[in-house]
Amino acid sequence: MLKVLILGSAAGGGSPQWNCNSSVSKKVRDGLPGTSPRTQSSIAVTSNDEDWVLFNASPDLGSQILNNKQMHPKRDLRHSPIKGVVLTNGDVDHVAGLLSLRERQNLSVYAHKRVHSVLKENSIFNVLNPDYVDRRNLEMNKKFEVKSKEGKDLNIEIEAFEVPGKIALWLEDESKGKNFGTEEGDTIGLKIFSSQNNKSFFYIPACADMTTDLAERIKDSDVVLFDGTLWENDEMATSKVGEKTGQRMGHMNNSGKNGSIQAFKDLGVKRKIFIHINTTNPILLEDSKERKIVEENGWEVSYDGMEIEI
């Protein structure tokens, strides 16, 4: 059996974002009924209740470890149940937490070679001492076993695949045209398996489009954790807190004919869960009409501390 712990369920900046005073953010900040704060997107997975693998390393990782006893040191003066990290892209909200894992602790870090090259070029990530941290390439469309730094099987297998997306915001190059230098491998999705019973789920926290290939992959699956960033493509503008659309940022919106709710309608996914939810998204409010629509369509909204058994 796989156990999934949602360490962080929000998009970049968390909910409420530190400098956002949109109507949704304000309600969350004021602690109104039906709201709860959320940290930035990351999950942890185990097959044995002892060894855990992080999928994305949020800037909020320190507080996430503190708030979840499963992540606490259990033995010796230096110990962590976190044995590895798998990255789905190079976004700040998915890689900055690596800097919190620098204290001479054995780890294996898996990422697409494109993301590894970004980490290598940014010297601040040299704090991850190579004597303790292995950087391992994720091969696309190939199922393989995740192992600890010491080579221990963790009974977790993954298959990585490219999904439509965009280069990380901090790496954009306007001189390279409308895709800002985006290349294959800048955004990936993951199918995560238990090697003990072959149960699996999908983790896709960023996705710009439901392609035919992606739809076929996830069809009839048991659980999908999917990009829930924005309710509407122009939500940032209508909330008067920004100008970028969801598509400009590399995300599908939840609603509308081209949104994820519609895209999943005929896929037969048994459990659909939104993750990576922006601070402006009204599905964060339990009493909103948007949350009602989400739930009527068989979706769940993830929250920090949520536990899922596969």
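Val224 has Lys272 of strand 12 as its bridge partner, where helices (H or I, at least four residues) and strands (E, at least two) are DSSP runs numbered from the N terminus. The model is predicted, so local features need a pLDDT of at least 70 and side-chain atom pairs count only at pLDDT 80 or more, while totals for chains, interfaces and linings use all residues. Residues are numbered from 1 along each chain as its sequence is written, and side-chain values use heavy atoms, with hydrogens and water left out.

**Confidence**

- The protein averages a pLDDT of 90, and 87% of the residues score at least 70; pLDDT is the predictor's confidence in each residue, from 0 to 100.
- Over residues 169–173 the pLDDT stays under 50, and for this stretch the model has 15 contacts beyond four places in sequence, a contact being heavy atoms within 4.5 Å.
- Where pLDDT is low, the predicted coordinates should not be read in detail.

- Strand 11 (residues 223–227) pairs with strand 12 in the parallel sense over five bridges; two strands pair if DSSP finds at least two bridges between them.
- Strand 12 (residues 271–275) is mostly covered, with four of its five residues buried, where buried means under 20% relative accessible area, exposed over 50% and partly exposed in between (1.4 Å probe, protein chains only).
- Strand 12 and strand 13 (residues 299–301) run parallel and are joined by three bridges, and Lys272 stands opposite Trp299 in strand 13.
- From strand 12 the chain crosses through helix 9 (residues 289–296) to strand 13 in a right-handed β-α-β crossover, that is, with the strands pointing away from the viewer, the path from the first strand over the helix to the second runs clockwise.

**Aromatic pairs and a charge over a ring**

- There are six aromatic pairs in the structure; rings of Phe, Tyr and Trp (its six-membered ring) pair if their centres lie within 6.5 Å, and planes under 30 degrees apart count as stacked, over 60 as edge-to-face and the rest as tilted.
- The ring centres of Phe55 and Tyr203 are 6.4 Å apart with the planes at 75°, so this pair is edge-to-face.
- Because Phe55 lies in strand 3 (residues 52–55) and Tyr203 in strand 10 (residues 200–204), the pair ties together parts that are 148 residues apart in sequence, and both Phe55 and Tyr203 are buried.
- Phe161 and Phe202 also form an edge-to-face pair, at 6.0 Å centre to centre and 70° between the planes, and this pair links Phe161 in strand 8 (residues 153–162) to Phe202 in strand 10, 41 residues apart.
- Phe161 counts as buried at 1% relative accessibility, and Phe202 is likewise buried, with a relative accessible area of 2%.
- One aromatic cluster is formed by Phe226, Phe264, Phe274 and Trp299.
- Lys143 lies over the face of Phe193, at 4.0 Å from the ring centre; a charge sits over a ring if NZ of Lys or CZ of Arg is within 6 Å of the ring centre and within 35 degrees of the ring normal.

**Helix 4**

- In helix 4 (residues 113–121) the buried residues are Arg114, Val115, His116, Val118 and Leu119, and the buried residues of this helix pack against helix 3 (92–95), strand 5 (107–111) and strand 6 (133–137).

**Tyr303**

- Tyr303 is placed in the loop between strand 13 and strand 14 (307–309), and with a relative accessible area of 40% Tyr303 is partly exposed.
- Not counting residues up to four places away in sequence, Tyr303 touches Ile6, Ser9 and Arg38.
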